[in-house]
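Please open the model in your viewer and follow the selections below in the order given, keeping the cartoon and the side chains at hand.

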Amino acid sequence: MLAIAGGVVLAGVVAHGAWSARKAGPRRADAQLEPLMDGDRLEPGLDVPALDGAAVALDGTLPAVARVRKPSARIDALIDAIATLTLDAPVSGEMALAHLPGSRRAGTKPFHIEGLNAETGEWELPVPGQRYGEFQAGAQMANRNGAMNEIEYSEFVQKVQSFADGVGAFVQFPDMLDVVGRSRELDQFAGDHDAQLAVILRAKSAAWTLGYVQQVAARHGFVPGSMPGRLVLASEEEGAPPILTLNFESQAALAENPQASSLRELSLSLDVPQTAEALEPFASWQEAARGLARDIEADVCDDRGQVLNLHAFASIGQDLTTLYRALASRDLAAGSLVARRLFS
């Protein structure tokens, strides 16, 4: 497979992935990359209301949900529906922690509750020993599971309201219909610009043992991943997702004697939105594919078994540049925290 999600085609190869699996099916392999991948109908900055759906009151004042707020490391109006919680007096971190919901998920959508530290003036997750003058809750409006729907929004409201009641706060929520509409639009954009590339490394002759694959992959910087059947090229940034993943049959890793397992195919993949363009993950993907193929005597193929040449990689690189620009124009640059959250 050599793929980009959302039904978009790169270098003449059908692209599909997490979003396209639940949207339109794959298109013809000889199709061309669509102009801006449908993103040209969106004007950056106009699709995410700065006031989060709030209206100006008749007296010219703004409700709490619309006031200019200091930036948060975890909650972002680009992808989160934000509720504000106001207090008559600061409360302790211990009280906030005691009333946090057991699960910070609404359906398939994560959400965070942060407090404004009364001493530092910074937004943070509540911690003991601190006091908080107000809170905010942000629910992610879309991810690779789809857009936030009415049921998920209602669950978010219920959990945040329970927290507000516990700490004695007055909570203001954005309008549900506005949130659902924005969620669908964000989901559409993300689905049209999701990108996951993968090639198949297919043995030319003899099969490989798992031990041999691990030994060769280690020379190229790959280490065991957190899941069976996966080796990863880790990012130098702490906590960042891996740059590349090398996948093989998980049954081989779980076998009683994995070193005796026989492998004939490996999949080398790159999740484009998860890694910054400046780190040149596409170049790393190409180099790893060629280097591994050379060392283990494999062909680099697409999911139809066709061997890929240098021209195919060059064409993909040109199309990726367009994709990177489209993401950046929406303030969702590949590798940014907000992009990693959205494309997860």
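Select Val-199 and then Leu-268 in E15, which is its bridge partner, bearing in mind that the model you are viewing is a predicted one. Extending the selection to strand E9 (residues 196-203) and strand E15 (residues 265-271) shows two antiparallel strands that are joined by seven bridges. Now colour the whole open sheet, whose six strands pair in antiparallel fashion and follow the order E11-E12-E13-E15-E9-E16. At its edges stand E11 (223-224) and E16 (298-301), and because each has a single partner strand, one side of each is left without a neighbour in the sheet.

From E16, step back to Glu-297, which lies in the loop between that strand and helix H6 (281-296). Glu-297 is not a glycine, yet its phi is positive, at about 60°; most residues other than glycine have a negative phi.

Next, display H6 together with H7, two helices that pack with their axes 11 Å apart and at an angle of about 160°; since an angle over 145 degrees counts as roughly antiparallel, H6 is roughly antiparallel to H7. Their crossing is right-handed. To see the contact, show Pro-281, Phe-282, Trp-285, Gln-286 and Arg-290 from H6, which meet Leu-310, Phe-313, Ile-316, Gly-317, Leu-320 and Tyr-324 from H7. Sorted by class, the residues of this contact are eight nonpolar, two polar and one charged.

Finally, move to the loop between helix H7 (310-329) and helix H8 (337-342), where Asp-331 is found. Asp-331, a residue other than glycine, has a positive phi near 60°. Is Asp-331 buried or exposed? With a relative accessible area of 53%, Asp-331 is exposed.

Conventions. Residues numbered from 1 in each chain as written. Predicted model: local features only at pLDDT ≥ 70, side-chain atom pairs only at ≥ 80, totals over all residues. Heavy atoms only, no water. Pairing = 2+ DSSP bridges. Helix = DSSP H or I, 4+ residues; strand = E, 2+ residues; numbered from the N terminus. Buried < 20%, exposed > 50% of the residue type's maximum accessible area, 1.4 Å probe, protein only. Axes fitted to C-alpha atoms, helices over the stretch in contact; angles between N-to-C directions. Parallel < 35°, antiparallel > 145°, perpendicular 65-115°, else oblique. Left-handed = near helix turned anticlockwise from the far one by under 90°. Contact = heavy atoms within 4.5 Å. Nonpolar A, V, L, I, M, F, W, Y, C, P; charged D, E, K, R; others polar.
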